[in-house]
There are 4 protein chains.
Amino acid sequence: MIKVGVLGAKGKMGAQTCLAVEEADDCELVARLDQADELEELTKAGAQVVVDFTRPEVVMDNLEWCIEQGIHAVVGTTGFDESRLSTLRTWLEASPSTGVLIAPNFSIGAVLMMQFAAKAARYYESVEIIELHHPDKVDAPSGTARRTAELIAAARAEAGSGPIPDATTTSLDGARGADVEGIRVHGVRLRGLIAHQEVLFGDTGETLTIRHDSMARVSFMAGVLLGVRRISGTPGLTVGLEHFMDLD
Amino acid sequence: MIKVGVLGAKGKMGAQTCLAVEEADDCELVARLDQADELEELTKAGAQVVVDFTRPEVVMDNLEWCIEQGIHAVVGTTGFDESRLSTLRTWLEASPSTGVLIAPNFSIGAVLMMQFAAKAARYYESVEIIELHHPDKVDAPSGTARRTAELIAAARAEAGSGPIPDATTTSLDGARGADVEGIRVHGVRLRGLIAHQEVLFGDTGETLTIRHDSMARVSFMAGVLLGVRRISGTPGLTVGLEHFMDLD
Amino acid sequence: MIKVGVLGAKGKMGAQTCLAVEEADDCELVARLDQADELEELTKAGAQVVVDFTRPEVVMDNLEWCIEQGIHAVVGTTGFDESRLSTLRTWLEASPSTGVLIAPNFSIGAVLMMQFAAKAARYYESVEIIELHHPDKVDAPSGTARRTAELIAAARAEAGSGPIPDATTTSLDGARGADVEGIRVHGVRLRGLIAHQEVLFGDTGETLTIRHDSMARVSFMAGVLLGVRRISGTPGLTVGLEHFMDLD
Amino acid sequence: MIKVGVLGAKGKMGAQTCLAVEEADDCELVARLDQADELEELTKAGAQVVVDFTRPEVVMDNLEWCIEQGIHAVVGTTGFDESRLSTLRTWLEASPSTGVLIAPNFSIGAVLMMQFAAKAARYYESVEIIELHHPDKVDAPSGTARRTAELIAAARAEAGSGPIPDATTTSLDGARGADVEGIRVHGVRLRGLIAHQEVLFGDTGETLTIRHDSMARVSFMAGVLLGVRRISGTPGLTVGLEHFMDLD
């Protein structure tokens, strides 16, 4: 049994994580902490792994303390830039058997979509991305769509792919979508949708489409549990859930 | 047997029409004319219906002559504005048993998609259009997408629908597509595609999608033949193939 | 304000209906009844319309009483065969200003999909249906898929369409789906899905696809409210929500 | 420049290969042979690689001769069972610098779809396959769908996945598709389609869909050329184009 503590246990993702850990046969939820609670409860409860869904202002303090105690961490909190990652690496050098996973996306399906898209990229002359979300979303395109475009652009550059063909000369503003590193990205906002994305690849006589539909927050829990199960065997810093998946 | 003459018989659409007329059990191809030919060959051959796939510069002369002779016309040539339609109506008043069909789109599937979209429009809070074409297309969005957006906008206005919800505040240029009368339209260009369109409707808890895929010019022939079969029983001017379809 | 009573108010659909009526600007929820309650509460509360989501064993008694009182009824309860409909018609003759709507499906999107499919049917050589549901569903294909197939088969028969082409000679059992009145229907069961259906039409060089995705029970409420708003102006028996929609 | 000879040059795939080789900047078409021609023309012309799209009855003789001459071979001809592969391995041992690629499928998109499906399989509780083809196809399900199902079934077995959930108790014959090693496969036949396949994965709250659309035989040529370019650097027997793709 993996003894798990949850930080940010009253937030939406934290609460969902508590449920998921309780339901998992190989995990035991030993501590659920929120703002008012002391991190020492983790050691008292014997937590081996923490899951952190807190806020950018507190997550670094949480992680410094956990790494000192040798508690592994699976982190869904946002706000990690290169400087923060570098600090984490320094702390982890002093605690060489401890592992920390920083995961911008816990959706296994979204990770698979991005990894497959990166692998397919070199084989197709054309590629575009359509992301579709509920109309209450404030940003367009989505972070996942931008990240997918970056991965595809990098794979095309590495393979020496030429520019994507596009003969458009007459166009209404916006008709051809946004340009993210040379990849066209279209954002649809529609009542009834949650979070969806399609990556379309095309070449002479054929197309390949990879689509991910995410209908509920609960779908991230499989990724969180994958992190919890793998982190103790992966010392040091890992960025991205894809490194815990057998994709190669 | 309907005796059919084809004007513009050496063009792509004209040639395809000749083939389609020859293969139809209830039609007989009696004249195939192109630039160098005289319209009188139509009367010599006893043509009852002509199909015109010529050019905007010559189509009005063709139609004036045909209407005078009482030959019905099915017209796929572009360039008809209100002034030209008005002229046609005047000519047809003088030949009251003759029928002329001006069809901007002979694809039965595209016409169905547009008609269904117009009917569904009043029942959904959200709607967007995605059109997808080969990358050699020079305009975006496509004419069919613009026309669909106009029909949807008109149906929403008639039903008193409010504005489409969209909370986007941060956006890359173009991410939310083009705005055609308040409807967002996205144009995808991908090698391997021909001509495709998706209309997405959404409301709380459900979405409705109407998609048309056009893979070959031959798909327009069913619409041309529908026009040929119906035009003799429909005196006067008809604009749009939808009036020959039993959609109501 | 339309004064509405709900029968079966503690059931899933009934409870959802109570919420929807309360939120509607033009409706007032005046009575919520369940098994133990007396129908007389409806008259005491001045209910003009009832929505019945009860059970086949009690719905006829409910309706007989409501019709006698001149209360209009919108009915989602199942189990109406021709004999029951005939009884309803007799009762309604004695109360000529009262209206009853029996609706097998309150999903406006599903009704639109079926109506559009029936209208498109005559224009295509091929048609198949794919319905996709969660894996806890016990029947395959779904009732909506069967109903859609029946409507398409009837439209093809009326149009004199020939048999659907299929050259299959070697096949694994079940590979070509179920046969519903000559229409092939495929049932997919997948965790993560709720209730979805695609109707695919095809002819030389083109295809037309109509897809409905239903993600939540709340999506039926727009149809229930449409019924509530229209039923007082539609005396007699109406079977099917499509008769209250402006589809023609 | 790679000097290429084509065997079966008058067949559909052979003729397409001749065109593709001629258009490729790094290849030279030095011999096009069909039934009446002598294999010796290959050596006279200096062919380094042959592409074989002939027939099962002659392909083994072709390959024996080519291997003896040290000419590499890219083979799309069907009919290779374990016995034939074993014979090829023996012949290749005697010519250790020669390479032979046996490719059941030259569609890069289909290979990507199958490889991605195999990798995604372990992460999802549910999976089904829908293949869609023109109605003149005689077998159902398609060979690609069967192969995809086998790869998915093997990946699930390796990962220790349990049975796929399915509560169906009442069903029309065929509604739930064919069973290929525990995976449900549905075959749609529709005029207007060519060759298409969708693999649907589902788990709580999310689905992942991988779709390949093949519209023209020319789409296989990218795979043939990939084989031609890689085979001289890959001595011995290779079965499956995926081994020449950077998927890991």
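Guide: Let's start with charge: in chain A, the mean positions of the 22 positive and 36 negative charges lie 3 Å apart, with Lys and Arg counted as positive, Asp and Glu as negative, and His and the chain ends left out. Each charge is placed at NZ of Lys, CZ of Arg, CG of Asp or CD of Glu. This is a predicted model, where local features need pLDDT of at least 70, side-chain atom pairs count only at pLDDT 80 or more, and totals for chains, interfaces and linings use all residues. Residues are numbered from 1 along each chain as written, chains are lettered from A and ligands numbered from 1 in written order, and side-chain values use heavy atoms, without hydrogens and water.

Chain A has seven helices and 13 strands (DSSP runs numbered from the N terminus: H or I of at least four residues, E of at least two). Of its 248 residues, 57% are buried (under 20% relative accessible area; exposed is over 50%, partly exposed in between; 1.4 Å probe, protein chains only).

B:Thr209 has a relative accessible area of 12%, so it counts as buried. Leaving aside residues up to four places away in sequence, B:Thr209 touches B:Glu198, B:Val199 and B:Leu200, along with C:Thr209, C:Ile210 and C:Arg211 (contact means heavy atoms within 4.5 Å). Back in chain A, 71% of the contacts with a separation of 6 or more join residues 24 or more positions apart.
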